[in-house]
Amino acid sequence: MQNIPTQKLNNFRDLGGLKTQDGRTIRENCFLRTGTLHNLPEVDSALLQKHGLSHIIDLRIADELRRQPDTVPAGVQYSNIPLREDVMDMVTRRRGMSYKEYLNAIPTMPELYVRMVSSDFSLDAQRKIFDIVVHEAAPGNAVLFHCSEGKDRTGIVAALILKYLGVPDDVIFEDYMLSNEPFVKRNERYYKATRLFFRDKEQADRFRYMYEANETMLRGMFDVVDALYGGVGPFLTDALGIPAPDLEAFRARVLA
């Protein structure tokens with residue numbers, strides 16, 4: 001398992017080749033995950049098309065789209081389906097509130113992971129995302145999903161797909177944690193900067209969750225899916241309303 005080398009794309013992987021617990025293999029060129037496609041150079045666009053790219057699912061919020069719109073290769077379908085609310089819209093800065101109090105009121109990344117499989121907003125987004133994934137993904141007809149860095153929102157969608165298809169948990173977490181690889185030096189700079197800014201290790205550690213993949217966040221998401229829905233299968237059928245026969249056809253199509 002490794003990131004595919006590109007000129008500009010960050011955190012780019014094909015989920016094909018991963019083994020399931022019952023000995024099957026995810027077919028290549030079905031699921032692609034990456035960071036933003038902003039200002040995509042021609043060489044990277046050609047690489048995506050070589051992987052059979054047919055549909056881009058952009059998981060970012062409106063402000064991210066405005067600042068860094070995707071480059072969509074010719075002939076590729078594009079859907080913007082924000083997977084989480086804008087966190088800045090979730091907090092009102094009250095009169096007299098200090099900046100530190102304001103930052104503390106913003107939901108933490110572990111809380112956002114839970115919301116992305118439980119809030120009404122995110123469940124509606126998940127329905128739209130998995131409607132595309134389940135009904136369109138096939139070898140040579142790849143569905144690509146991405147957020148800004150391909151870490152959190154992208155990581156959750158990838159983890160849910162892999163879990164449903166029967167990939168072992170240790171492999172799911174290995175794929176998830178690989179998202180730190182392109183950002184090791186940057187993350188260390190960010191951590192040192194937040195330590196200096198807050199002069200408070202606890203606050204700096206809290207903000208570390210915002211720019212680093214951390215297994216505890218993904219485990220917390222899976223725990224909520226198990227507790228609320230009884231697992232990823234019932235989450236897809238009962239919470240998202242995807243018919244079981246469609247899921248079985250999807251499984252047969254993408255597994256070798």
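1. A nonpolar core is taken here as a set of buried Ala, Val, Leu, Ile, Met, Phe, Trp, Tyr and Cys residues joined through side-chain atoms within 4.5 Å, where buried means under 20% relative accessible area, exposed over 50%, and partly exposed in between, with a 1.4 Å probe and protein chains only. In the largest such core, which has 59 residues, the members that touch the most others are Phe-31, Phe-130, Met-221 and Phe-235. At least two residues each are supplied by several helices, among them H5 (120-136), H6 (153-165) and H10 (215-229), and also by strand E5 (142-146); helices here are DSSP runs (H or I) of at least four residues and strands (E) runs of at least two, numbered from the N terminus. H6 gives the largest share of this core, with 9 residues.

2. This is a predicted model, in which local features need pLDDT of at least 70 and side-chain atom pairs count only at pLDDT 80 or more, while totals for chains, interfaces and linings use all residues. Residues are numbered from 1 along each chain as its sequence is written, and side-chain values use heavy atoms, with hydrogens and water left out.

3. On the chain as a whole, the secondary structure comes to 12 helices and 5 strands, and 52% of the 256 residues count as buried. The radius of gyration, taken over C-alpha atoms, is compared with a globule rule of 2.2 Å times the number of residues to the power 0.38; the chain has 18 Å, which agrees with the value near 18 Å for a compact globule of 256 residues. The C-alpha trace spans about 55 × 45 × 30 Å along its principal axes.

4. The 5 strands form an open sheet with mixed pairing, in the order E1-E2-E5-E3-E4, where two strands pair if DSSP finds at least two bridges between them. At the edges lie strand E1 (13-14) and E4, each of which pairs on one side only. E5 pairs in the parallel sense with E2 (residues 31-34) over 4 bridges, and likewise in the parallel sense with E3 over 5 bridges.

5. Strand E5 deserves a separate look. Phe-145 in E5 is the bridge partner of Arg-33 and also stands opposite Ile-57, whereas Leu-144 is the bridge partner of Leu-32. Of the 5 residues of E5, 5 are buried: Ala-142, Leu-144 and His-146 lie on one side, and Val-143 and Phe-145 on the other.

6. H5 touches E2, strand E3 (53-58), E4 and E5, and its direction makes about 165° with that of E3; H6 touches E2 and E5, at about 155° to the direction of E2. These angles run from 0 to 180 degrees between N-to-C directions, with axes fitted to C-alpha atoms, for helices over the stretch in contact, and contact means heavy atoms within 4.5 Å.

7. Where does Arg-84 lie? Its place is in the loop between strand E4 (77-80) and helix H3 (99-105), and Arg-84 counts as buried because its relative accessible area is 14%. Leaving aside neighbours within four places in sequence, Arg-84 is in contact with residues including Glu-64, Phe-121 and Arg-153.
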